[in-house]
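Have a look at the model first, then read on.

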Amino acid sequence: KEKVKITKEQQALMKVVVEAYNRHQIPQDVAKKLLQEQYSEEENFLLLTEMATSQVQVLVEFTKNIPGFLSLNHEDQIALLKGSAVEAMFLRSAQVFSRKMPNGHTEVLEERIRKSGISEEFMTPMFNFYKSIGELHMMQEEQALLTAIAILTPDRPYVKDQQAVERLQEPMLDVLRKLCVLQHPQEPQYFARLLGRLTELRTLNHYHAEMLTSWRMNDHKFTPLLCEIWDVE
Ligand SMILES: O=C1N(Cc2ccc(-c3nnn[nH]3)cc2)c2ccc(Br)cc2C12CCN(S(=O)(=O)c1cccs1)CC2
């Protein structure tokens, strides 16, 4: 059985990605407000919108720090950001929330999100995803790399130079695979389970798009940044 070893360059790549992932965080007052006093449905929705807007800003800053991203074709940079915005936000939300909130708060979150105009049919897949991420107890290196891998998905709509994106995604997949082998020797399928979460994320894209239309119908307002990144007119 060959000895898996993370090279110096791979260590450096991981360090850059993890630091970028940790450097950009949501302002804590926004997250805290979510768990404080009882709000109406409209106020809950407004809070989640404020939260999502911060999430997108954090995502853009993180993405700019992914080695090689800024040397991609500019239109492709936008295509990758727009194509991965919902997935990266749900991945990060699930990661942060399962790490940050002691279990007691999950019910509060559930109730806040439930009481924000999100349809029940979206709640189930969203919380299944949330639980499936929590069960993995991912290290922060794994979280940061998995988020970068989701962003660097070559086959997003409108990406012209897919090879250039693959050349950035592959080294991330390599170091994540090695990290999983080294950190979870007793669980050879761990890496495959992480990648399986990315497949589950893609299904959330679909539910999210459906939800956006239903919110529009009920005249819910979004911020200009969310309209821009979610293609909402
Ligand atoms: O808001 C969410 N939360 C709460 C949340 C998220 C992140 C942080 C946080 N703290 N520090 N850093 N991040 C705290 C609370 C959460 C938690 C788990 C999953 Br899975 C998903 C979510 C959403 C993501 C956005 N949507 S959304 O549908 O796109 C929508 C937009 C506008 C109105 S509704 C709702 C669910």
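For the spaces below, a 1 Å grid is laid over the protein atoms alone: a cavity is a set of points where a 1.4 Å probe fits but cannot get out, a pocket is an open set with protein on both sides within 12 Å along at least five of seven lines, and lining residues have an atom within 4 Å of a point. Keep in mind that this is a predicted model, where local features need pLDDT of at least 70, side-chain atom pairs count only at pLDDT 80 or more, and totals for chains, interfaces and linings use all residues. Residues are numbered from 1 along each chain as its sequence is written, and side-chain values use heavy atoms, with hydrogens and water left out.

**The ligand**

- Where does the ligand sit? The ligand is in the largest cavity, going by the rule that more than half of its atoms lie within 2 Å of the grid points.
- The ligand is surrounded by 26 residues, counting a residue if one of its heavy atoms lies within 4 Å.
- The closest of these are Gln55, Met89, Phe97, His208 and Trp215.
- The protein covers 100% of the 730 Å² of accessible area that the ligand has on its own (Shrake-Rupley method, 1.4 Å probe).
- His208 also puts a polar side-chain atom 3.0 Å from a ligand oxygen; the cut-off for a polar contact is a pair of N or O atoms within 3.5 Å.
- At least two shell residues each come from α2 (28–35), α3 (41–64), α4 (74–100), α5 (104–114), α6 (120–136) and α9 (190–217), where helices are DSSP runs (H or I, at least four residues) numbered from the N terminus.
- The largest share of that shell, 7 residues, belongs to α4.
- By class, the shell has 21 nonpolar, 4 polar and 1 charged residues; Ala, Val, Leu, Ile, Met, Phe, Trp, Tyr, Cys and Pro count as nonpolar, Asp, Glu, Lys and Arg as charged, and the others, Gly among them, as polar.

**The largest cavity**

- The structure has 2 cavities of 30 Å³ or more, and the largest holds about 600 Å³ of space; a volume is the space filled by probe spheres set on the points, which are joined across faces, edges and corners.
- Its lining has 32 residues, with Leu48, Met51, Gln55, Ser93 and Ile113 nearest the centre.
- α4 gives the largest share of this lining, 8 residues.
- The lining splits into 24 nonpolar, 6 polar and 2 charged residues.

**The second largest cavity**

- This cavity has a volume of about 80 Å³.
- Which residues line it? They are Gln55, Val56, Val58, Leu59, Phe62, Ala85, Ala88, Met89, Arg92 and Thr147.
- α3 and α4 each give at least two of the lining residues, and the largest share, 5 residues, is from α3.
- By class, the lining has 7 nonpolar, 2 polar and 1 charged residues.

**The largest pocket**

- The largest pocket has a volume of about 460 Å³.
- Of its 23 lining residues, Lys82, Gly83, Ile229, Trp230 and Asp231 are the closest to the centre.
- α4 and α9 are the elements that give two or more residues to the lining of this pocket.
- The pocket lining has 11 nonpolar, 5 polar and 7 charged residues.

Note on methods: A polar contact is a pair of N or O atoms within 3.5 Å; within protein, one must be able to donate a hydrogen and the other to accept it, and residues adjacent in sequence count only if both atoms are side-chain atoms.
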